[in-house]
Structure formats: C-alpha cells, structure tokens
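Happy to walk through this one with you. Have a look at the fold, and then let's take some questions in turn.

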Amino acid sequence: MEFGFSALDEAFRGEARAWLGPRVPYAGERRAWERALGADGWIGIGWGEGGYGNRVASLTQQVVWAEEYVRSGAPGRSGHIGEKLLAPTLLAHGTAEQKKRFLPPIAAGAELWCQGYSEPGAGSDLAGVRTRAERAADGSYRVTGQKIWTSFAHEADWCFVLARTDQGSVRHHGLSFLLVPMDQPGRVDVRPIRQLTGTSDFNEVFFDGARARAEHVVGAEGDGWRVAMSLLGFERGVSTLAQQIGFAEELGRVVRTAGETGAADDPVVREALVRLWAELRTMRWNALRTLGGSAGPGAPSVAKLLWAGWHQRLGELAVRVRGAQGGVGPAPWSPSAPYELDETQQLFLFSRADTIYGGSDQVQRTIIAERVLGLPRQPKGWGT
C-alpha cells in the first residue's frame, strides 16, 4: 500500500524542493525561520480553510510537503503546536472573532504557542487537572496553578490552558479551554527543565492569577473536556509519515555504523536491524491506512505505541553497534563545554522520553482497552 502521487502532486513537490533548497542551510534562529515559512504561505496548508495568509493543499500535497521538509534537513519546528494543534481546534470550535484574531499570526509565524495540559501528580491524566480559573469582576478569568512538561513554553507568546472553572467539579466536568498570553510578568513564570540531553525544551509553567479574556474561551465555559479531546485527535496524521522519514534516516545511519564497526557480523544485531526495518514499514502502512481519519478512536493510541517503543529500541541499538566508543563524548570535557553529546548519544538519551510524552504507553493502552475493546474502566486509584 503506497500513495499514488498525481502530476499536480509532483509539481507541488518541485515547488517545495525549490523553496526549501536554498533556504534550509541558513535556517538558524527559530522565530526567523517560522516567519520565512509564513511569508510564503507554508504554514497551515492542511487547515482546509484559506484566507489567513496560508495556502491550502490537498491531503497528498500535505504529505509531499511534510516529506520534503524532513528530507531537506530543515530544522525542527517551534510553531507546530499552534499550526497543528490549536489552529484545527479553532477551526472546529472557535468563534469567527477567535479565528480572525489568532489564525493569521500563526500562519505568519508571528505568534508561537505552547500547550498547558499536563500537571504534577496527574501527568497524562487530563481529568486530574487542578489548575483553576476564576471569574474576575470585569468578566475575565484569573488562572492559578502549575503545568509541567510544557514544550517550548520558554519561547511561546501564548498558551492554551485546560483549567477548572467550576470549582466544585470533579474529573472531566467543569473544565474550560482558555487562551492565555504568556507575557504577564509576575503572573506567568516559566522554568526550563534540564533533560538528559542537556537541553531544556520542556518547562514548568506557574500561573499566579494570570489573566485570560472572557472572549478567549474556546467552546462554552465548562466545555473544555470536549474541546481538549478534539485537539488530541489532531496530534497524529500527515506528520506521522514525515516523522517516519526521519526514522528511516536514523535507521540508515545505524545500519551503516554496524557495518563499519563489524557489529553487523553479530547475528543478534542483524536480527535486530531487520526487525526494526520491518516494523518501520509496518508503521508506514498503518499510517497510510489511517490517514483519512476513519480508523476509529484507538488509531492515535496505536500509532503512538508503535513508534515510541520502536524509537527507543533504535536508540539503544545505535549506541550498542558503536561498542565502547558509544560511551565517549565527541569532545574533551571543559568548563565551557561540560556536557557534549554526539548525534547517536542524543538519539539514545532523548528517545527515553518517547514512551512518556504525548501520553504515556500505559495511558495509550488504557484508552485502547476502554474505548476500543470495551473493557471495564480501570478502578479509581488502581496502581497508585
């Protein structure tokens, strides 16, 4: 099973390559790169609606763009949370005024977003939200609480926050989906979390009476659970196929290293390499099968389970085939560079988080058990 790209799709591919080719080598600072993408309409091509400064592309053309972006070696996007998560949510649930206010800056790469879902003590359990949003005298909300593992919060201009607006509510009742500006000194405090890789893309975010305007509630007050669940459905899709191209390139490097170091002579290593290759093909076919969005409620969870464990095993094998050299840094230690990692070590360490972020493996299995297989709900407090 593969895509059959039309002549129009291939023309679109040529346009994408022609645009990316001369620009990628100079794509350094993240905000400048987002603005460059936005200036020529490359942000929001999958929204299904134009008029916000974005071009509109067919499903196959979206796949073409995603694939060419990865193949070009272009940098990871800092604007994807606004483009891929918030924008489709606003298109589905937002008011005309909200779309007019927020979609053009996203399409232009002018405003960056982060996602305020996970909380300490709750993790992937969104129904365990304790952050509260209380009405002020002027009708706005005052948001107080803590979010954690918030990607790119240190760069974001705005955060969409799941908060409890009905203070007597429990679990998924009484939640609202609020759009909160991050530039509120003394009311919004972002603290980077240093990861195993030495980088700090994840953050803790503390809200202390942060203001959210009344007209910046997406959906009705108390309807946050429905909106939040709708947003999670947008997390998988065309981007999954592009992700797999990156995976294929990483696997190719591991195969080449195994040949160079002689690790490929070990039948156990050879079997592991073949298994990873076969599983990657299976992931692609599954992504193609579910691309139309008609694969049922468990499809996103199945996809997450497939790629997260696969990528972890790839990271482990990448270090293994290098032998003792895999434990040696690329440069001597110095006070100015105390924590240098090479590409393989970055892959190994960062992939340890794959089975946690975006919904842990345990949560994905619970979703499949309850929503697909129809098993009884997990008893409250079980396993804690």
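Q: Which side chain has a polar atom 3.0 Å from the backbone oxygen of Glu49?
A: This is a predicted model, so the distances here come from predicted coordinates. The backbone nitrogen of Tyr52 lies 3.4 Å from a polar atom of the side chain in question. That side chain also has a polar atom 3.0 Å from the backbone oxygen of Glu49, and it belongs to Asn54.

Q: Is Asn54 buried or exposed?
A: Asn54 sits in the loop between helix 2 (30-39) and helix 3 (59-71). Beyond its neighbours within four places in sequence, Asn54 is in contact with Gly41, Ile43, Gly44, Trp47, Glu49 and Ala107. The cut-off for buried is under 20% relative accessible area. Asn54 has 9%, so Asn54 is buried.

Q: Which element gives the most residues to the largest nonpolar core?
A: This core has 27 residues, and Trp47, Leu86, Trp113, Tyr117, Phe160, Phe177 and Leu179 touch the most other members. Elements giving two or more residues to the core include helix 5 (96-107), strand 4 (158-164), strand 5 (175-181) and helix 6 (224-232). The biggest contribution, 6 residues, comes from helix 4.

Q: How many residues are in the other core, the one that includes Leu251 and Ala264?
A: Start from Tyr117, whose contacts beyond four places in sequence include Leu126, Val129, Phe160, Phe177 and Leu232. Apart from the core of 27 residues lies another core, with Ala308 and Leu314 also among its members. The number of residues in this other core is 19.

Q: What is the relative accessible area of Ser140?
A: Ser140 is placed in the loop between strand 2 (132-135) and strand 3 (141-147). The side chain of Ser140 makes polar contacts with the side chains of Asp138, at 2.6 Å, and Arg142, at 2.7 Å. Not counting residues up to four places away in sequence, Ser140 also touches Glu134, Arg135, Arg211, Ala212, Arg213 and Ala214. Ser140 counts as buried, with a relative accessible area of 2%.

Q: How many residues apart in sequence are the parts that the pair Arg135 and Glu221 ties together?
A: Side chains of opposite charge can pair when their charged atoms come close. Here the side chains of Arg135 and Glu221 meet in a salt bridge at 3.5 Å, N to O. Arg135 is partly exposed at 49% relative accessibility, and Glu221 is partly exposed at 44%. Arg135 lies in strand 2 and Glu221 in the loop between strand 8 (217-218) and helix 6, so the parts they tie together are separated in sequence by 86 residues.

Q: Is Glu67, the salt-bridge partner of Arg71, buried or exposed?
A: The side chains of Arg71 and Glu67 meet at 3.7 Å, N to O. Both lie in helix 3, 4 residues apart, about one turn of the helix. Arg71 is partly exposed at 45% relative accessibility. Glu67 has a relative accessibility of 4%, so Glu67 counts as buried.

Q: How far apart are the closest N and O atoms of Asp189 and Arg191?
A: A search of the whole structure finds 28 salt bridges. In the one between Asp189 and Arg191, Asp189 is partly exposed at 33% relative accessibility, and Arg191 is partly exposed at 40%. Their closest N and O atoms are separated by 2.8 Å.

Methods. Residues numbered from 1 in each chain as written. Predicted model: local features only at pLDDT ≥ 70, side-chain atom pairs only at ≥ 80, totals over all residues. Heavy atoms only, no water. Core = buried A, V, L, I, M, F, W, Y, C linked by side-chain atoms within 4.5 Å. Buried < 20%, exposed > 50% of the residue type's maximum accessible area, 1.4 Å probe, protein only. Contact = heavy atoms within 4.5 Å. Polar contact = N/O pair within 3.5 Å; in protein donor to acceptor, adjacent residues only side chain to side chain. Salt bridge = Lys/Arg side-chain N within 4 Å of Asp/Glu carboxyl O.
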